[in-house]
Amino acid sequence: MINKDKPFSFDDYDNENIFQKQDNFQDLNHQPEENPSIYSTLEMDDDDGFVPTSNGSTTTVQNKDSNFVFFYGTSASGKSVILSAILYYLNSFAGVLRPKLGSPNSREAHVLLADFFENIKKGILPNRTTRDQVTRLDFVFDPNNKSKKVPPISLSFLETAGENHNEISRGGKYVDGIEAYLNSDIPLNFIIVTSYDRAHHEDSKIVEFLDYLERKGKNLKNVNVLLVISKWDKSGNLGVDNEQHLENFISERLSMTNNRIDTYNLSKTYFTIGNVQNQAGMEKITLLNLDSAEVISKWLYHNIVGYNLDYEGTFWEKIKFSFSK
């Protein structure tokens, strides 16, 4: 595993200023039924020649007071697994995740969260996300670190189906529910996910997404972006031999993406949920590993707050903590 205190930047830094800076859905051709009684006559008894105008509606983001985390990744890339591992780590080891009052969470979001926590310790991987929906999970995260430099924060996780990300190809656009978040003036953090076994197929797609963010006015020099190579266990290891191992993989399999990441000084890491085996036609976790979930969680917290989640405290806090032990 990469050194937890230095997971993404491979240059020297000081601790106080670290990290600154499926299916192929085809359109159906709906043709009118060949029924002259419906489509050919112009005379209708109650027709008064009035055609009502549709009331236009614009999807907007409610409850903007949060730190939004947007996951990008094609189908089966591992987004839901990473999200569930982050939530489990934050709620089991780093502090407490509590529901944010007044949040617009859908019932589906509550069901998803319950499934995450019930299933991850059973070795059950999350189900795939529903197409054309944005799953939003709103929390307040209370760290178990007592330093005043490590305060509670609001977190809103956003996830949508991998199929939806294909819609921006060749100048396309997302469905309104996704566009609303990307168009809004809200603090966004992006986690871009591609898997160990599919990365070489998705280089151009990731670049298209980065270009899309630029067209939306998201200057990549000022946006928190993390590239995650998921399913690293498929390499035969739960970690990397050294930092250059990950660098070599990304530069070889994702040359265009790697060029963007390095040019804009963005972050990158790998992820594994642990040992995964096929049992009776279903993939199950046989050994849970939260090391990489911890790294991603700490990256996220630092980019939002500016201090490490495991910050040891000021000089006076250290003295206070020593007496309280």
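Visitor: What joins β2 to β3, and in which sense do they run?
Guide: Five bridges join β2 to β3, and the two run antiparallel. Two strands pair if DSSP finds at least two bridges between them. Five bridges meet that rule, so β2 and β3 count as a pair. In one of these bridges, glycine 95 has proline 143 of β3 as its partner. As for the source, this is a predicted model, in which local features need pLDDT of at least 70, side-chain atom pairs count only at pLDDT 80 or more, and totals for chains, interfaces and linings use all residues. Residues are numbered from 1 along each chain as its sequence is written, and side-chain values use heavy atoms, with hydrogens and water left out.

Visitor: What is the order of the strands in the sheet?
Guide: The order is β2-β3-β4-β1-β5-β6-β7. The sheet is open, with seven strands and mixed pairing. A strand here is a DSSP run of E, at least two residues long; a helix is a run of H or I, at least four long; both are numbered from the N terminus.

Visitor: Why are β2 and β7 called edge strands?
Guide: Each of them pairs on one side only. β2 covers residues 95–99.

Visitor: How do you know whether threonine 269 is buried or exposed?
Guide: Its relative accessible area is 3%. Buried means under 20%, exposed over 50%, and partly exposed in between, with a 1.4 Å probe and protein chains only. So threonine 269 is buried.

Visitor: What makes both faces of β7 covered?
Guide: Ser267 and Thr269 lie on one side, Lys268 and Tyr270 on the other, and all are buried.

Visitor: Why is β3 called mostly covered?
Guide: Eight of its 10 residues are buried.

Visitor: How do you know whether phenylalanine 190 is buried or exposed?
Guide: Phenylalanine 190 sits in β5. Its relative accessible area is 0%, so it is buried. Beyond four places in sequence, it is in contact (heavy atoms within 4.5 Å) with residues including Phe70, Leu182, Phe209 and Trp299. Leu226 is also on that list. Phenylalanine 190 and leucine 226 are 36 residues apart in sequence, yet 6.3 Å apart in space, C-alpha to C-alpha.

Visitor: What makes a group of residues a nonpolar core?
Guide: It is a set of buried Ala, Val, Leu, Ile, Met, Phe, Trp, Tyr and Cys residues joined through side-chain atoms within 4.5 Å. The largest such core here has 39 residues. Those with the most contacts inside it are Phe71, Leu87, Phe141, Phe157, Ile191 and Phe271. Its largest share, 10 residues, comes from α2. A second, separate core has 35 residues, among them Tyr72, Ile206, Leu210 and Tyr212.

Visitor: Why are the buried residues of α8 said to be on the same side?
Guide: In α8, residues 255–263, the buried ones are Thr257, Asn258 and Ile261. They span an arc of only 100° around the axis, which puts them on the same side of α8. The arc is taken from the directions from the helix axis to the C-beta atoms. The buried residues of α8 pack against α6, β6, α7 and β7.

Visitor: How do you describe the packing of α6 and α8?
Guide: Two packed helices are described by the angle and the distance between their axes. The axes of α6 and α8 come within 7 Å and cross at roughly 35°. Axes are lines fitted to C-alpha atoms, for helices over the stretch in contact, and angles run from 0 to 180 degrees between N-to-C directions. Among the residues in contact are Ile206 and Leu210 of α6, and Met256 and Arg260 of α8.
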